[in-house]
Amino acid sequence: MGLGIDIRNQIAKRAAEEIRNGMVVNLGIGIPSLVPNHLPDHIRVMFHAENGITGMGPSPEYGEEDENLCNAGGFPVTVVKGASYCDSAISFGMIRRGRVDLTILGSLEVSERGDLANWIVPGKKVPGMGGAMELAQKAKKVIVLMNHVDKNGRAKIVKECSLPLTSGQCVDLIITEMGVFEVKSTGLWLKERFSPYSIEDIRANTNCEVHE
Amino acid sequence: MENTFNKIVSLEQAMDYFHDGMTILFGGFGGIGSPPTIIDGIIEKGIKELTLIGNDTGFPHIGIGKVVSKGRAKKVIASHIGSNPIAGQLMTDGQLEVEFSPQGILAERIRAGGVGLAGILSDIGMDNEIVTENKQRVKVNKKEYLIETALTGDISIIYAKKADPYGNLIYDKSARNTNPLVAMAGNMTIAEVEEIVPLGELEADEIITPGVFVDFIVPSKGVNWKWAWE
């Protein structure tokens with residue numbers, strides 16, 4: 001079950017509010033890719049891509065694509081003023097050194113401690129971790145955007161992840177269609193609740209304690 | 001073009017160095033920056049039992065994926081094979097051994113091989129068995145790290161935008177990716193290039209890979225696959 005585009009945009013818009021001027025930001029696929037559409041004009045950031053771009057811009061116009069200028073997913077992009085290219089080692093050096101301020105990604109499960117499980121889909125072939133482990137482990141802040149429950153209605157925010165971890169205790173903030181949740185040392189805290197959901201709805205669909 | 005250093009060769013001459021069972025490091029990320037002409041040369045020559053080292057296995061019809069899809073590799077060391085379902089199928093069927101390495105660590109392992117180091121110390125993926133399996137651990141300043149061993153190979157194949165006859169290289173935008181690292185790691189490096197310019201034409205300040213690392217230069221016939229977005 002996917003979320004409608006309005007709800008996906010609502011989640012992306014809320015995530016965009018976490019972005020501060022001057023940040024270096026790496027976006028995952030799915031809902032995170034919608035975040036730039038919701039950034040106010042006065043916020044200037046550098047979008048980082050693992051394949052060696054700092055300063056990615058929007059998709060090019062049809063017919064204007066450059067086959068040698070693509071994001072990490074292999075799709076054509078543009079660059080903004082001030083952008084730079086680098087090799088893969090330097091690109092990941094930026095991540096490991098803590099120069100990537102924020103990564104916004106999707107997930108299959110997140111635990112109340114902020115464990116992230118987003119790289120092995122149950123029943124599917126193992127695709128490889130790509131750059132997910134380094135981003136999750138080393139980006140200064142990790143925000144997860146996802147459906148609150150999976151397609152079978154099961155909670156995705158859980159006490160313990162059942163899927164193999166991408167990285168332990170790395171998630172700072174979770175944004176779903178139901179609300180915004182902060183991972184703290186004391187557990188999972190509800191920061192904001194989205195209409196029309198009640199705290200009871202949230203608790204019924206979350207498989208760990210939700211503090212208010 | 002003056003061939004002062006005898007590095008400029010035809011594809012046919014370059015293919016003399018390829019044989020069954022060898023280890024090939026390849027540049028590229030999702031096929032972008034992978035050398036299309038050399039890849040076709042490998043396929044046409046029919047070499048097999050290859051160990052391939054690079055970022056990912058491309059797509060079934062793109063980049064090194066073309067070689068993998070034809071069952072020519074026995075082993076792949078990569079960070080990702082998800083965009084090439086044939087690679088996944090071969091792995092499931094036991095016909096392809098796959099060693100996964102986190103993307104930036106793979107890049108550093110290749111770089112380490114290229115700069116004469118035995119390995120690197122990494123704290124990436126320490127709570128994941130796929131990453132930690134069979135790796136030594138070492139403590140530095142009271143913190144534990146994995147020893148990630150360096151990667152080298154018989155031949156590196158890379159793709160660049162411009163070369164001069166010495167093999168000095170510049171790349172094109174995001175097609176640079178792993179190429180400068182792979183360029184250093186092979187016992188022999190063959191660069192496929194879009195354009196060869198006279199000595200002195202590349203600004204010394206702009207050169208990304210010094211020609212020291214490049215043994216042969218092959219003119220490219222250009223990308224002949226259709227990209228996923230096309």
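# Terms and values in the model

Modeller: A:Pro196 is found in the loop between strand E12 (187–193) and helix H4 (199–204) of chain A. Helices (H or I, at least four residues) and strands (E, at least two) are DSSP runs, numbered from the N terminus. This is a predicted model, in which local features need pLDDT of at least 70 and side-chain atom pairs count only at pLDDT 80 or more, whereas totals for chains, interfaces and linings use all residues. Residues are numbered from 1 along each chain as its sequence is written, and chains are lettered from A and ligands numbered from 1 in the order in which they are written.

Colleague: What makes the peptide bond between A:Ser195 and A:Pro196 a cis bond?

Modeller: Its omega is about 5°. Most peptide bonds are trans.

Colleague: Why is A:Asn51 called buried?

Modeller: A residue is buried if 20 or more other C-beta atoms, placed from the backbone, lie within 10 Å of its own, exposed if 12 or fewer, and partly exposed in between. A:Asn51 has 28 C-beta neighbours inside 10 Å and therefore counts as buried. This residue is found in the loop between strand E2 (46–49) and strand E3 (53–57) of chain A.

Colleague: Which residues are in contact with A:Asn51, leaving aside its neighbours within four places in sequence?

Modeller: Two residues are in contact if their C-beta atoms, placed from the backbone, lie within 7 Å. A:Asn51 meets this criterion with A:Ala72, A:Ser88 and A:Ser91, and also with B:Phe29, B:Ser174 and B:Asn177 of the other chain.

Colleague: How many residues of each chain are in contact across the interface?

Modeller: There are 32 residues of chain A in contact with 35 residues of chain B. On the chain A side, helix H2 (88–96) and helix H3 (132–138) each supply at least two residues. The largest share, 5 residues, comes from H2(A). By class, this side has 14 nonpolar, 10 polar and 8 charged residues; Ala, Val, Leu, Ile, Met, Phe, Trp, Tyr, Cys and Pro count as nonpolar, Asp, Glu, Lys and Arg as charged, and the others, Gly among them, as polar.

Colleague: What makes A:Gln169 partly exposed, and why does B:Lys142 count as exposed?

Modeller: A:Gln169 has 15 other C-beta atoms within 10 Å, so it is partly exposed. B:Lys142 has 5 C-beta neighbours inside 10 Å, and therefore it counts as exposed. Most residues other than glycine have a negative phi.

Colleague: Why does B:Leu202 count as partly exposed?

Modeller: B:Leu202 has 19 C-beta neighbours inside 10 Å, which means that it counts as partly exposed. This residue lies in the loop between strand E10 (186–196) and strand E11 (216–219) of chain B.

Colleague: How do you know that strand E8 (residues 141–145) of chain A is mostly covered?

Modeller: Of its 5 residues, 4 are buried.

Colleague: Which strands pair with E8(A)?

Modeller: Two strands pair if DSSP finds at least two bridges between them. Strand E5 (residues 102–105) of chain A is joined to E8(A) by 4 bridges and runs parallel to it, with A:Leu102 opposite A:Lys141. E8(A) also pairs with E10(A) in the parallel sense over 3 bridges; there, A:Ile143 has A:Leu173 as its bridge partner.

Colleague: What is the strand order of the open sheet that has mixed pairing?

Modeller: That open sheet of 3 strands has the order E7-E6-E9 in chain A. Strand E7 (116–117) and strand E9 (157–158) are the edge strands, because each pairs on one side only. Strand E6 (residues 109–111) and E9(A) pair in the parallel sense over 2 bridges, and A:Ser111 stands opposite A:Val158.

Colleague: Which residues have the most contacts inside the largest nonpolar core?

Modeller: A nonpolar core is a set of buried Ala, Val, Leu, Ile, Met, Phe, Trp, Tyr and Cys residues joined through C-beta atoms within 7 Å. The largest has 108 residues, and those with the most contacts inside it are A:Ile143, A:Val144, A:Leu145, B:Leu52, B:Val76, B:Ile110 and B:Ala191. E8(B) supplies the largest share of this core, 6 residues.
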